[in-house]
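Here are a few exercises to work through with the coordinates open. Try each task before you read its solution.

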Amino acid sequence: MDKKKNISMAVIKRLPKYHRYLSELLRNDVDRISSKELSEKIGFTASQIRQDLNCFGDFGQQGYGYNVRELYNQISTILGLTREYSTIIIGAGNIGQAIANYNKFEKLGFTLKGIFDANPKLVGMKIRDIEIKDIDDLEEFLKGSHIDIGVLCVPKVNAQKTCNLLVNNGVKGIWNFAPVDLSVPEDVIIENVHLSDSLLTLAYLLNEVEEEE
Ligand code: NAI
């Protein structure tokens, strides 16, 4: 899969949506689907779909469409979902608890191995049978366990130092909810989640529609 290296970020960002729709088709026992039908469901044009999927090889046959299972498996492989990822959550406040309580990530292969917080009132509490541990125990924990992804849900002021703690102890993926641009070495990947970006886009579009009316 050498072609993967040249795939644009725009295509990669669309893959989770393909994955989601294909898994729904599988749940509904759909074996195959044309790019036109997929386009109607997913909201991308049929030519966009053909172009996207061509980046990864020869999927789909003229007159037959796509084999849903095969496409789903290929996209799962491209996304790296054929392995398990160990995760920990740092900061067990509103966001940290919401993520910890959401068990669907586990179905995708993201296993929650620990939750850490600095607040003694939270330490010792359990979320889905996982005990919240003291942040002071994080370094020792990381020495004994291989963790792929740290989910950063601490206040902005503590985000960089917490990120450093994770990175210095071998964590290579940071899912960052704090509203701050983190500095990390080149071999560490950060994916930022900013709900407010999405909300502001909604506000813009809402105003655009209202101005047109
Ligand atoms: P919160 O105040 O409910 O929870 C933060 C938790 O982090 C607290 O339990 C606190 O004890 C803990 N904490 C503080 N310093 C720590 C440290 N050094 N180590 C370990 N734990 C520590 O805050 P909330 O609402 O859950 O927000 C968390 C972060 O997410 C904030 O940075 C906030 O700005 C951000 N946020 C991000 C959103 C997004 O769309 N990405 C939306 C809303 C908030």
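A polar contact here is a pair of N or O atoms within 3.5 Å; within protein, one must be able to donate a hydrogen and the other to accept it, and residues adjacent in sequence count only if both atoms are side-chain atoms. The model is predicted, so local features need pLDDT of at least 70 and side-chain atom pairs pLDDT 80 or more, while totals for chains, interfaces and linings use all residues. Numbering starts from 1 along each chain as its sequence is written, and side-chain values use heavy atoms, without hydrogens and water.

**Exercise 1.** Find which backbone atoms pair with the ligand's nitrogen and oxygen atoms.

*Solution.* Start with the surroundings: 23 residues sit around the ligand (a heavy atom within 4 Å). The closest are Asp117, Val154, Asn158, Val193 and Leu195. Finally, oxygen: a ligand oxygen lies 2.4 Å from a backbone N or O atom of Leu195.

**Exercise 2.** Work out how α2 and α3 are oriented to each other.

*Solution.* First locate the helices (DSSP runs of H or I, at least four residues): α2 spans residues 35–42 and α3 residues 46–54. Their axes, lines fitted to C-alpha atoms over the stretch in contact, are 8 Å apart. The angle between N-to-C directions, on a scale from 0 to 180 degrees, is about 105°. Angles of 65 to 115 degrees count as roughly perpendicular, so α2 and α3 are roughly perpendicular. Last, the contact (heavy atoms within 4.5 Å) involves Ser35, Lys36, Leu38, Ser39 and Ile42 of α2 with Ala46, Ile49 and Arg50 of α3.

Methods
Helices (H or I, at least four residues) and strands (E, at least two) are DSSP runs, numbered from the N terminus. Angles under 35 degrees count as roughly parallel, over 145 as roughly antiparallel, 65 to 115 as roughly perpendicular and the rest as oblique.
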